[in-house]
Amino acid sequence: MNKVLIITYYWPPSGGAGVQRWLKFAKYLSDFGWEPIIYTVENGEYPVLDYDLLDEVPKEITVLKTPIWEPYRIYKKFTGRKKEDKINSGFLSEKKNSKFLDQLSIWIRGNLFIPDARKFWIKPSVNFLINYLKDNPVDVVVSSGPPHSSHMIALKLKEKNKLPWVADFRDPWTNIDYYKELLLSKKSDLKHKKLENIVLTKADKVITIGKSLSEELKLLGAKNIDVIENGFDPDDFQLNEDISLDKEFTIAHIGSFTPSRNHIVFWQALKELITENSDFSNELKLQLVGKVDYSVKMNIEKYGLEKYVNYVGYVPHGEVIKYQKKAKLLLLMINNTPNAKGIITGKVFEYIASKRPILVVGPEDGDLSTIINTTKSGIVCGFDDVKKLKLTLLRLYNNQINFEPDPAAYSRQSLTKKLSEILNQLT
């Protein structure tokens, strides 16, 4: 078998969306002639933990781990957080915090830790891997970001060992939805963009998750780029076949409910429907599975929706699928940010595989909308169209819309085959 070294910060017991892509690739790569060797952190500062995912790591693969020093302990002390508090992505905050201290810490993060707070892992990782590769050669190196420090490790390995390198952009770098919120100085902004350009131009192949992001990365310098979407693992759904629907009209939102996904149009539509339709009001249940930002809770209170909401919190990945399959409707809120048209949340593919109707609040002409329409799995309503959203919710409640979801193109096996073909081109 050919061997591929995969550099990824997110690996079990890390939970959340960031870990799924390369965990699933690693599961199926050997079916296509590639042996994955994972390089990750020993003590990462993960937003959530999911120890059940350790059971999904193939027992025969090599997993290399080294310690990392991250500045989050200082950050927590500075902002008044507890040592055991988790640092959330996307500026999600479950409690109301000091705005001044948060802004100051964001400035420090954006300007002093470039490319990111994992920068102190780069040098020791390069030293460790150069020594490891002397006795354990590989055919290709893959780096997955964010964090983009992973790409900087791979860049050094390419320079030292002349290894073919694939840079995987699960999310953008300087076009990510919160980049403008990092309070960057002009000098820091230029440094981020310079490093991004080096990665995009030095990598032998760049892969990413959607068409719009692919086009963005081309404009930023990527010369050789392919799209491999995220997907779903059929094994996860075979374990959860015999699940009956809730009796209530349950709307389930899975994953982090960040400020940029907190769309007033949705709360307005629910409030008006509850007021106007007693049957809808009696049967409505809103299930929020995952971390929920303080601003979302405030809007739920503002629109008088508290009694309809169940805050489930983070649950292991296997439990998530049960919530999806029980719900009458799956809610997907796209970040209302400049790059909204290119956002494809990883959860959409598992939503489609759950074969439950999907309601998206987001751009009607975006990449995710194309996927929803192509798979015949749901309806997309814009950020500001309360009238359409109300009508759609009512029609969904009354079972007046038929769906025929077809997720086959996004199975993890077929996507891993596509990855293996790209790796084959580099050997």
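I looked up His-253 first: this residue stands opposite Leu-288 in S9. The strands involved are S8 (residues 249-254) and S9 (residues 284-289), which pair in the parallel sense over six bridges. For pairing I took at least two DSSP bridges between two strands. Strands (E, at least two residues) and helices (H or I, at least four) are DSSP runs, numbered from the N terminus.

The model is predicted; local features need pLDDT of at least 70, side-chain atom pairs count only at pLDDT 80 or more, and totals for chains, interfaces and linings use all residues. Residues are numbered from 1 along each chain as its sequence is written, and side-chain values use heavy atoms, with hydrogens and water left out.

**Sheet.** I traced the open sheet next. Its six strands run in the order S10-S9-S8-S11-S12-S13, with parallel pairing. S10 (309-313) and S13 (378-381) are the edge strands; each has a single partner, so one side of each is left without a neighbour in the sheet. From one strand to the next, the twist averages 20°. Angles run from 0 to 180 degrees between N-to-C directions, on axes fitted to C-alpha atoms, for helices over the stretch in contact.

**Helices on the sheet.** I took contact as heavy atoms within 4.5 Å. Helix H12 (residues 317-326) lies across S8, S9, S10 and S11 (329-333), at about 145° to S8. Helix H13 (residues 347-354) lies across S8, S11 and S12 (358-361), at about 165° to S11.

**Salt bridges.** I counted a side-chain nitrogen of Lys or Arg within 4 Å of a carboxyl oxygen of Asp or Glu. The count comes to 16 salt bridges. For exposure, buried is under 20% relative accessible area, exposed over 50%, and partly exposed in between (1.4 Å probe, protein chains only).

I checked Lys-27 and Asp-235: their closest N and O atoms are 2.8 Å apart in a salt bridge. This pair links distant parts of the chain, helix H1 (residues 17-28) and helix H8 (residues 234-238), 208 residues apart. Lys-27 is partly exposed at 22%, and Asp-235 is partly exposed at 31%.

I then turned to Glu-276 and Lys-390, whose side chains meet in a salt bridge at 3.0 Å, N to O. Glu-276 lies in helix H9 (residues 264-276) and Lys-390 in helix H15 (residues 386-397), so the pair ties together parts 114 residues apart in sequence. Glu-276 is exposed at 55%, whereas Lys-390 is buried at 15%.
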